[in-house]
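Thanks for asking me to look this over. Here are my notes, as numbered points you can follow with the model open beside you.

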2 protein chains.
Amino acid sequence: MKKPTRERWSSKFSEWFDWVLEKAEIYDYGRYPIKGMGIWRPYGFKIRKYVLNIIRKYLDEKGHEEILLPLLIPEYYLRKESEHVRGFEDQVYWVTHGGLEELDVKLALRPTSETIITPMVALWVQSYKQLPKKYYQIGSIFRYETKATRPMIRLREVTTFKEAHTFHDSFEDAERQVSEAIEIYKKIFDTLGIPYLISQRPEWDKFAGALYTIAFDTILPDGKVLQIGTVHHLGQNFTKAFEVRIQLKDGTIDYAWSTSYGISDRIVATLIAVHGDDRGLVLLPSIAPIQVVIIPIPAKNEEDTKRVVEYVRKIKQELAERGVRVFIDERREVTPGYKYYDWELRGVPIRLEIGLREVENNTVTYVRRDTLEKKTIELEEFIDKIHEIFQEVEENMRERAKKYFKERLSRADTIDEARRKIEEKGGIVEIPWCGSLECGLRIEEESGLRVLGTPLLNEEVDIKDKRCPICGNTARSVLRLAKTY
Amino acid sequence: MKKPTRERWSSKFSEWFDWVLEKAEIYDYGRYPIKGMGIWRPYGFKIRKYVLNIIRKYLDEKGHEEILLPLLIPEYYLRKESEHVRGFEDQVYWVTHGGLEELDVKLALRPTSETIITPMVALWVQSYKQLPKKYYQIGSIFRYETKATRPMIRLREVTTFKEAHTFHDSFEDAERQVSEAIEIYKKIFDTLGIPYLISQRPEWDKFAGALYTIAFDTILPDGKVLQIGTVHHLGQNFTKAFEVRIQLKDGTIDYAWSTSYGISDRIVATLIAVHGDDRGLVLLPSIAPIQVVIIPIPAKNEEDTKRVVEYVRKIKQELAERGVRVFIDERREVTPGYKYYDWELRGVPIRLEIGLREVENNTVTYVRRDTLEKKTIELEEFIDKIHEIFQEVEENMRERAKKYFKERLSRADTIDEARRKIEEKGGIVEIPWCGSLECGLRIEEESGLRVLGTPLLNEEVDIKDKRCPICGNTARSVLRLAKTY
């Protein structure tokens, strides 16, 4: 595969993305003979692991408990919540046979796990005293997508689905949980330098079975918008269907309330997309399988080369003692230049180029992957400051991504203007809206864009003197529009 | 559920096992409406996680790389290795529909992943220089078991299947890998205090598609034998079927060689079974979600109780600083006695009972879960020695399990004697064997026991003057027999 430039604003991003997944050995896609299913290769698996560690950390901090649920759902369970099944019916894979026998009950590969966890909670929880309960699982879900599949972005097997399921004794406590989930997701995306807008999805685009859905959206380098996380208030829809009855504080019995929220493989896809450049991956130190790669530059004679090797090992040792994931590339069959190319492709945050000069001056020459800036400093200083350097790299990467994102947010007063803005620079455009379902649907239809929804109530929106472009009535909020994945 | 005593030698073990899984909130089984599929609850999930960390550690140490493969296999892939498909055909779940459409190609829920990884390796590896390659995955596999299912022991969804897949440039290197795998598994089981015998499975009981199979077997408290790990030399069977051609050092092209080895949920089942007692779980500190639980004993007045609480928090702090997973049970609605019962059931290795006396003497009173022995010592000494105490607990538990295991190994000269020994004390009996397939099968048939196989070649076997009980010829090895799960 030839290396495509990333060229924001063109279709090249998509080629670039496929190229980087293959060449950096992250995810093998399109070669396994089932559409929409890929393989996490060792390097990609490690990135995924560090990302999951960050997700787990923020969930655990807030009292979420990890569990593991069965992968199959009996048909009659999936059908218990009627909105839910309607939303997923034509996307479900069905297991119909065990060995040579036909099964009595068809089994669905889980498209999400509300209908697995809720009946279990009915067995585990009887009283408000046991609530709230916050569970999560990380595993595969399946959707028979009819749209074009894309590696990590639109899959038929989503192998990294983090889904949280929480249970509460009141509507309000579930709503408080929705806020907590939003705060957790902010921390996760902020840590990973992924910019986002948070919107309440319109009525016609909420999760099947939810009262309402809050979504995190980001902008990929081609200007198209990707949904990267959702939070749902499920009301009592599932707890009624599965009879999760609890005793309340006043002694009465009621159904529990629940929420669910999910993050998928897309979080890794986004990391790669928003930080990468024409040379390949650019990884944040916090999730890089190798944080520092050392390239020893052979000297002119054997003895000096030996000195380089010894020096390099000492550096490795000292970095490792400070908890740095460090690797020496000692390959003999390739040139240093080839190695630079190779590790840039794989996004290693810091590269050390160590030759005789560095040995003699007791220095290191290092190159930052994010800026490609090269510096030579004292070895001791480098070792002392390594975590500071990592911090700087992360901050620079976050700022850069945020800047790109902000440049792609715009406002428009008319549908034409909105469409033009999106044509010009992609991203997300906000347009005044009266709040009526009818006008919302017409804005979607006439603009040919997708409605992402409205800002949350606690977000300030400037709609002074603005009017809905459909009915002309005073605007009560804005609608966010975009081309989406 | 009433608490059954464990009573080795009776059917009570099985009841005890179900009881402990439920009451200690490890694994919810038999209540989800698909046979053979259960739920890992938070406490069980943590135990599983610590066990997996140990498995990962020993695999990573030897250069194994973790990956994640698709869960579905197209029918024609599964059929490529003919022995393999014959072995699994009547155990495979088939996905036949996506949404409302019938699929063109039936998809199998993977029963194991040889037929997924091997075709991928054909794309990744071209030369002996890239070999050996050692991959592993931890995930779910599915088998439509027709035998009675048992929680964690015989499941239709095995949610914890660690399968390693390795690729080599020669028969010998694959054989070396088999030895390496055996050494890794020894370390894993030794660390967990799980005793085992290693046998080469007889021809008629090897993995479908393998040249030969080496298995680890342990003895559960009811005297029945459980297979807990297997290692397969796959020869070129799979690499030929999927055309993994590699260039050898001499420039010629040949098919690669492969091995695979697996460990399942059974490793957690065995941990629980071999170490537990009538009060419930007994956990090794290395895999205990909580290593030390502190029970504050309320004093007679508010002020003294406050002193206890402060003292207890200080202990927690100091233990946590030493990397101990510690929890204070501050529940007010239950008595200390209830808490003792509760944490014994959950197998917490060390319990601290802290009242006013301990505060005033600056001591701790601690109870070891493995021996139920109670001691009072200086606080400072306890803190300093905590990791030593953990060591002692682990060694005692390992020794105890090993002793039990050894008592259940026996030898016999005749089939009648073999049968009697198994009736008397369960476990494994060795019987002399001439080495012929025919006599092996007859021994299995006439004894009504299962043939586990023969000791490995490097194990010394005393067969001087012994004769095969079927043909009367000189014994060349022994056959191991048992009642198995």
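**Notes on helix packing, the chain contact and the backbone**

1. Let's begin in chain B, where helix α2 (residues 42-61) and helix α6 (residues 171-191) have axes that come within 10 Å and cross at roughly 150 degrees. Angles over 145 degrees count as roughly antiparallel, so that is how α2(B) runs relative to α6(B). Please keep in mind throughout that this is a predicted model.

2. The crossing of α2(B) with α6(B) is right-handed. On the α2(B) side, the contact is made by Ile54(B), Ile55(B), Tyr58(B), Leu59(B) and Glu61(B), while α6(B) brings Ile184(B), Lys187(B), Ile188(B) and Thr191(B). Sorted by class, the residues of this contact are six nonpolar, one polar and two charged.

3. Staying in chain B, have a look at helix α1 (residues 12-23) and helix α8 (residues 266-275), which pack at an angle of about 110 degrees with their axes 11 Å apart.

4. Which residues of α1(B) and α8(B) meet? From α1(B) come Phe13(B), Trp16(B), Phe17(B), Val20(B) and Leu21(B), and from α8(B) come Ala269(B), Ile272(B) and Ala273(B). The contact of α1(B) with α8(B) has eight nonpolar residues, with no polar and no charged ones.

5. Over in chain A, helix α2 (residues 42-61) packs with helix α8 (residues 266-275) at an angle of about 110 degrees, the axes being 10 Å apart. The two helices, α2(A) and α8(A), are therefore roughly perpendicular, and α2(A) passes α8(A) in a right-handed crossing.

6. In that pair, Ile47(A), Arg48(A), Val51(A) and Ile55(A) of α2(A) meet Ile267(A), Val268(A) and Leu271(A) of α8(A). By class, the contact of α2(A) with α8(A) comprises six nonpolar residues, no polar ones and one charged.

7. Now for how the chains relate. Chain A is superposed on chain B by a rotation of 180 degrees with 0.0 Å of shift along the axis, at an RMSD of 0.0 Å. This is the relation of a two-fold axis.

8. The size of an interface is often given as the accessible area lost when the parts come together. Here, chain A and chain B bury about 4,500 Å² between them, with 70% of it on carbon and sulfur atoms. On the chain A side, Tyr32(A), Leu68(A) and Trp124(A) lose the most area to chain B, together 14% of what that side buries.

9. A few backbone details deserve a look too. The peptide bond from Leu131(A) to Pro132(A) is cis, with omega near -5 degrees, and Pro132(A) sits in the loop between α5 (114-124) and β7 (133-142) of chain A. In chain B, Leu131(B) and Pro132(B) are joined by a cis peptide bond with omega about -5 degrees, and Pro132(B) is in the loop between α5 (114-124) and β7 (133-142) of chain B.

10. Lastly, Glu25(A) is a residue other than glycine with a positive phi, near 55 degrees. Look for Glu25(A) in the loop between α1 (12-23) and β1 (27-28) of chain A.

Notes: Residues are numbered from 1 along each chain as its sequence is written. Chains are lettered from A and ligands numbered from 1 in the order in which they are written. This is a predicted model: local features need pLDDT of at least 70, side-chain atom pairs count only at pLDDT 80 or more; totals for chains, interfaces and linings use all residues. Side-chain values use heavy atoms; hydrogens and water are left out. Axes are lines fitted to C-alpha atoms, for helices over the stretch in contact, and angles run from 0 to 180 degrees between N-to-C directions. Helices (H or I, at least four residues) and strands (E, at least two) are DSSP runs, numbered from the N terminus. Angles under 35 degrees count as roughly parallel, over 145 as roughly antiparallel, 65 to 115 as roughly perpendicular and the rest as oblique. A crossing is left-handed if the near helix is turned anticlockwise from the far one by less than a right angle, and right-handed if clockwise. Contact means heavy atoms within 4.5 Å. Ala, Val, Leu, Ile, Met, Phe, Trp, Tyr, Cys and Pro count as nonpolar, Asp, Glu, Lys and Arg as charged, and the others, Gly among them, as polar. Copies are superposed by least squares on the C-alpha atoms of residues with pLDDT of at least 70 in both. Buried area is the accessible area (1.4 Å probe) that two parts lose on being put together, summed over both.
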